[in-house]
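This report describes selected features of one protein chain. Please keep the sequence and the model in view while reading.

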Amino acid sequence: MKDLFTTPQPAAIAAKETYTAQDIEVLEGLEPVRRRPGMYIGGTDENALHHLIAEVLDNAMDEAVAGHASRIEIEMTADGFVTIRDNGRGIPVDPHPKFPEQSALEVILTTLHSGGKFSNKAYQTSGGLHGVGLSVVNALADLLEVEVVRDRTIWQQTYSRGAAQGKLKNVGTINNRRGTSIRFHPDPEIFGDQLRFKPKKVFQMAKSKAYLFRGVEIRWECDPSLLTGKDKDDIPTTAVIHFPGGLEDFLLSNLAEIATVTDDPFVGLIEFPDGAGKVEWAIHWCDGVDGSTHSYCNTIPTPQGGTHESGLRSALLKSIRAYGEMTNSKKAALISGEDIFQGCQVILSVFIRDPQFQGQTKEKLVTASASKLVENALRDQFDHWLSGNTQAGTELLEYFISQAEERLNRKKKDVSRKAITKHCVSPENWLIAAVKSPWVPNSLS
């Protein structure tokens with residue numbers, strides 16, 4: 001037993017005993033982003049790569065939504081660079097009060113959690129909320145060039161892997177132009193040599209932004225050499241993307257060849273009380289296809305849904321049940337949320353102040369107040385839409401009831417199957433149970 005106590009300690013234990021202050025690393029500037037990019041953009045795969053474009057585009061869209069920009073340009077070139085320009089106010093270039101040796105532009109591009117969207121002073125609603133968007137893109141780009149035009153003056157600066165490659169330069173004056181231009185190339189040290197921006201993904205991103213805010217015009221340009229295979233036919237080299245009809249245009253373009261339950265979709269745009277924001281929606285029901293929901297908050301896609309979707313679901317269910325009671329339909333009580341969203345095609349967009357998202361990539365909205373805001377707005381509008389379009393209301397009610405009856409029948413069959421499986425102890429007992437089962441064809445009984 002004595003030898004057990006005199007045996008040398010394992011290397012891991014010995015290493016632990018030498019753990020000192022010298023082992024503590026302090027990552028400064030944008031080094032944390034380069035060490036752990038997944039914490040900021042969700043990984044280093046194709047989706048994460050395109051998230052870089054989304055971050056820059058979101059900032060340009062914030063300028064448009066705030067009423068300061070009407071045009072955004074997106075350019076993809078053969079060398080792998082992407083340029084995004086807007087005709088907004090331009091990022092401030094004057095010295096920052098807290099860092100007088102740096103311009104506000106350089107602070108934004110090199111400092112995490114810096115920006116003009118933490119309060120409602122510069123933006124009432126915005127998608128870039130955490131002050132990490134541009135700085136993260138800068139950290140993960142091997143080259144980023146920024147140009148700002150403010151007060152008829154052109155300012156330029158170049159960065160590499162998060163570090164400025166020189167001072168902000170005044171390069172001249174220009175009339176009738178303003179805004180910010182960001183041109184960048186993703187760093188192969190982070191994303192590898194094989195990943196490339198996909199024109200189809202970027203073009204679809206641009207289209208969705210134009211649908212979500214009908215006041216913006218997006219000008220698209222893509223080098224022809226980047227378009228291969230089917231993309232040559234589907235993606236234009238140049239285009240002006242503008243949808244004055246908003247989400248309704250988006251919905252109808254997606255359903256061009258699909259039969260719908262009602263002739264007209266349920267669409268609307270409502271301002272929330274007390275200046276809390278607004279909600280826009282476009283909803284149609286299609287028989288024989290799976291339902292889908294595309295939701296957004298402040299033009300940010302929320303593929304995992306969230307509280308705004310919960311409010312919509314609650315509003316539609318309560319309204320259709322109330323409509324059933326009003327029309328003396330006893331079967332309306334059978335309808336569940338599952339029945340309503342079978343075949344339901346939804347596009348939902350909310351603009352709210354200080355939204356709270358789950359995670360930095362903002363895939364799920366968790367703002368508690370959004371649920372009640374959306375529910376109240378849509379409930380009232382859907383009530384009026386159903387009562388004002390009695391043919392559509394009747395068609396939808398009958399459709400939902402048929403979905404509910406099918407669901408209940410499936411449930412009964414599942415219960416019968418489980419009962420047979422549970423009580424079968426021999427082939428003879430299985431045959432007796434099967435003959436008595438309500439879902440077996442009459443020819444077997």
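## Two packed helices

Helix α12 (residues 307–326) and helix α14 (residues 368–388) pack with their axes 7 Å apart and at an angle of about 30 degrees. The two are therefore roughly parallel, a term for angles under 35 degrees. Axes here are lines fitted to C-alpha atoms, for helices over the stretch in contact, and angles run from 0 to 180 degrees between N-to-C directions. Helices (H or I, at least four residues) and strands (E, at least two) are DSSP runs, numbered from the N terminus.

The model is predicted: local features need pLDDT of at least 70, side-chain atom pairs count only at pLDDT 80 or more, and totals for chains, interfaces and linings use all residues. Residues are numbered from 1 along each chain as its sequence is written, and side-chain values use heavy atoms, leaving out hydrogens and water.

## A five-stranded sheet

Five strands form an open sheet with mixed pairing, in the order β10-β11-β14-β12-β13; two strands pair if DSSP finds at least two bridges between them. Strands β10 (266–271) and β13 (300–301) are at the edges, each with a single partner strand, so one side of each has no neighbour in the sheet.

Strand β10 runs antiparallel to β11 (residues 277–285), and six bridges join them. Val 267 has Ala 282 in β11 as its bridge partner.

## An aromatic link

There are 11 aromatic pairs, counting rings of Phe, Tyr and Trp (its six-membered ring) whose centres lie within 6.5 Å; planes under 30 degrees apart are stacked, over 60 edge-to-face and the rest tilted. One of them is the tilted pair of Phe 266 and Trp 385, at 5.5 Å centre to centre and 45 degrees between the planes. Phe 266 lies in strand β10 and Trp 385 in helix α14, 119 residues apart, and the pair links these distant parts of the chain.

Notes:
Parallel < 35°, antiparallel > 145°, perpendicular 65-115°, else oblique.
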